[in-house]
Amino acid sequence: MKIGELGDQIVEQYGLSQFKIVVAVSTGVDSTVLINALINSTKIKHQQLIVAHVNHQLREQSIEEERFLHKWCRQHQITFMETDWPKSQHPQHGVEAAAREFRYTFFKQVMHDQQAQVLLTAHNADEQAENFVMQVIRGGLAKSIKWNSRTANVCTRMANSPVSKANQAIFD
């Protein structure tokens, strides 16, 4: 399957053709495949896509990855929104959960600011993010965030999706 066909399949499977979409991109394999599939889809326009990236400041190469992604988005004429998670906000324990909460708060803000209706994330099957995403969908974290009632809050976990299956075929 070609990457554009994968993008078309994702757009059709999740009914995304009419929506403005925030795509969480970390520069990891899953999110890189996802954004590349979407920009090569014939079913949506680049103007519908917003890349949201969080620099957690946990690794030396994070700054380089952020610069790369910013340049890549400019080249593909995709809106790029980024934020840094200040080291001063990193807890002594539970960094992963705190990072996840910071990330999804940022994604929600980007959705609001960009008037996007959909948030797409790509996680491998081993990610613990599913529990958090489900909590967000059910309103656990969203209680503290004001939402525009017209915004359809769709958070799609891509594990066991065409992206995840394509990653397995490409990278296994």
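Before looking at any helix, I noted that helices (H or I, at least four residues) are DSSP runs, numbered from the N terminus. I also noted that the expected span is 1.5 Å times one less than the number of residues.

I'm working on a predicted model, where local features need pLDDT of at least 70, side-chain atom pairs count only at pLDDT 80 or more, and totals for chains, interfaces and linings use all residues. Residues are numbered from 1 along each chain as its sequence is written, and side-chain values use heavy atoms, with hydrogens and water left out.

**Entry: helix α1**

I looked up α1 and found 12 residues, 3–14. From first C-alpha to last I get 17 Å, close to the expected 16 Å. Next I checked burial (under 20% relative accessible area, 1.4 Å probe, protein chains only). Gly 4, Leu 6, Gly 7, Asp 8, Ile 10 and Val 11 of α1 are buried. Gly 15 follows the helix, and its phi is positive, near 60 degrees.

**Entry: aromatic rings**

How many aromatic pairs does the structure hold? I count 3 of them. Rings of Phe, Tyr and Trp (its six-membered ring) pair if their centres lie within 6.5 Å; planes under 30 degrees apart are stacked, over 60 edge-to-face, the rest tilted.

Tyr 104 and Phe 107 have ring centres 5.3 Å apart and planes at 75 degrees, so I logged them as edge-to-face. They sit 3 residues apart in helix α4 (residues 95–114), so about one helical turn separates them. Phe 106 and Phe 107 have centres 6.1 Å apart and planes at 50 degrees, so that pair is tilted.

Phe 106 is buried at 13% relative accessible area, and Phe 107 is buried at 4%. Tyr 104 is buried too. I noted Tyr 104, Phe 106 and Phe 107 as one aromatic cluster.

Note on methods:
Helices (H or I, at least four residues) and strands (E, at least two) are DSSP runs, numbered from the N terminus. Buried means under 20% relative accessible area, exposed over 50%, partly exposed in between (1.4 Å probe, protein chains only).
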